[in-house]
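This briefing is meant to be read with the structure open beside it. Please find each named part as you reach it.

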Amino acid sequence: MENGERLPQLVIEFGNTIRVGVGGEAAPDVHRSSAVGVGPDDALLELSAESLQDVPVEHLMPDSHLDYTLKESDELRLAAVLSECKDRLPSLRRVERFSTTAIVPFYASDRFREQVLDICAGSLASTATFLIAAPAATVYACGMTSGLVVDCATKITSACPVSRGVARRSVSQLGRIGGDSVTQAILAAIGEENLLKSAAGVASPTAREWCVHELADRVKQMYCYVPTDGELPAQGQQIFLPDGTAITLTPEQLTAPSYLVGMSSLGSVPQLLRSTVNSCLQEVSLDIDANSLLSDALIIMGGVSLTRGFIPRLNRALVDMFPSHSIQTPIAHFDPSERRIVPWIGGSLVAQYLPPELWITQEEYQEEGRRIVHKKCPA
């Protein structure tokens with residue numbers, strides 16, 4: 001950018017749901033599923049055959065955190081999706097000079113970060129581009145520069161310390177636990193054959209499979225919870241599927257999310273936090289005060305954290321796990337409608353205040369190529 005030029009700001013969060021909006025706004029304008037063939041999220045509320053295109057459902061984003069890289073064909077299709085999303089923003093439609101802030105998972109591979117730069121600076125022709133890790137964007141959204149960010153997401157849960165605005169990948173922890181494991185339990189309890197009746201009008205097999213999973217996920221969100229006292233409810237609950245089929249969920253099924261915050265589970269959120277704190281204490285060279293982060297700057301985000309009773313039960317588990325610490329209630333002060341979009345909110349703030357010299361300009365991208373992302377936006 002020349003002479004501190006203020007450009008219109010495009011902000012993109014890359015994840016299972018792709019969020020696109022204008023920098024400086026309070027929330028993204030476009031929420032787009034990364035599953036090709038199902039359309040924007042706001043078209044999925046009815047979960048009817050009409051809301052699903054009759055094409056196979058394919059996920060563009062990587063499905064494994066172990067090799068978080070886009071396939072070449074998906075990179076091209078994702079660029080097209082984002083171009084379409086940008087054109088849905090009135091203030092950025094047909095604008096030639098604009099900046100792009102891209103929010104990416106902290107565990108994204110170097111190759112993925114290069115692909116994101118290619119999409120933003122290459123395919124979208126952004127005048128200036130900046131990449132930021134989602135946990136770093138999250139602490140900025142909370143008005144801080146350091147914190148311990150726990151993201152309870154669909155497929156994985158992660159704990160990442162952020163120190164002075166930098167996500168510390170070397171001491172972060174990932175666990176293959178999340179909302180999807182609870183959804184699978186609900187799917188098994190309801191019975192796939194019952195859910196298939198509600199998706200009978202969807203012709204494409206992959207779209208029908210997606211619809212069945214989404215229905216089970218909706219049941220989970222509406223009825224499942226974490227009992228704060230650890231006790232199971234006395235009886236189950238009858239629910240009705242869209243086609244009128246009655247199903248009774250047992251107390252164990254209603255409280256299926258409880259294992260995510262259980263002290264005894266090796267894959268639980270408290271155990272993940274314990275491993276993260278121990279890693280921070282061992283890596284003295286990073287100068288991270290893990291005790292302070294745990295006591296004063298623990299940030300819980302992600303859709304699973306919205307589960308009724310999740311935060312109180314987690315807080316109690318942490319008090320039991322770290323008796324020598326003064327554990328405060330984890331920061332989760334965002335409205336439930338915002339808890340899923342905290343990284344985007346932080347990216348929107350970064351887009352407004354980032355110094356000009358930190359942006360990757362179009363000229364720098366043309367001269368040095370995609371590798372410049374590691375120089376100006378180190379992971």
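This is a predicted model: local features need pLDDT of at least 70, side-chain atom pairs count only at pLDDT 80 or more; totals for chains, interfaces and linings use all residues.

Residues are numbered from 1 along each chain as its sequence is written, and side-chain values use heavy atoms, with hydrogens and water left out. Helices (H or I, at least four residues) and strands (E, at least two) are DSSP runs, numbered from the N terminus.

**Helix H2**

- Ten of the 14 residues of H2 are buried (under 20% relative accessible area, with a 1.4 Å probe and protein chains only), so this helix is largely enclosed by the rest of the structure.
- The 14 residues of H2 should span 20 Å at 1.5 Å a residue, and the end C-alpha atoms are 19 Å apart, which agrees; the expected span is 1.5 Å times one less than the number of residues.

**Two loop residues with positive phi**

- Ala125 lies in the loop between helix H2 (110–123) and E7, and its phi is near 60°, a positive value in a residue other than glycine.
- Ala125 is partly exposed at 40% relative accessibility, a class that falls between buried and exposed (over 50%).
- Arg94, in the loop between helix H1 (72–87) and strand E6 (99–104), has a positive phi near 65° and is exposed, with a relative accessible area of 72%.

**Strands E8 and E14**

- Strand E8 (residues 147–152) pairs with E14 in the parallel sense over four bridges, where pairing requires that DSSP finds at least two bridges between two strands.
- Asp151 stands opposite Met301 in E14.
- In a regular strand the side chains alternate between the two faces of the sheet.
- In E14 (residues 298–301), Leu298 and Ile300 point one way and Ile299 and Met301 the other way, and all are buried.

**Lining of the second largest pocket**

- The largest share of this lining, four residues, comes from E7.
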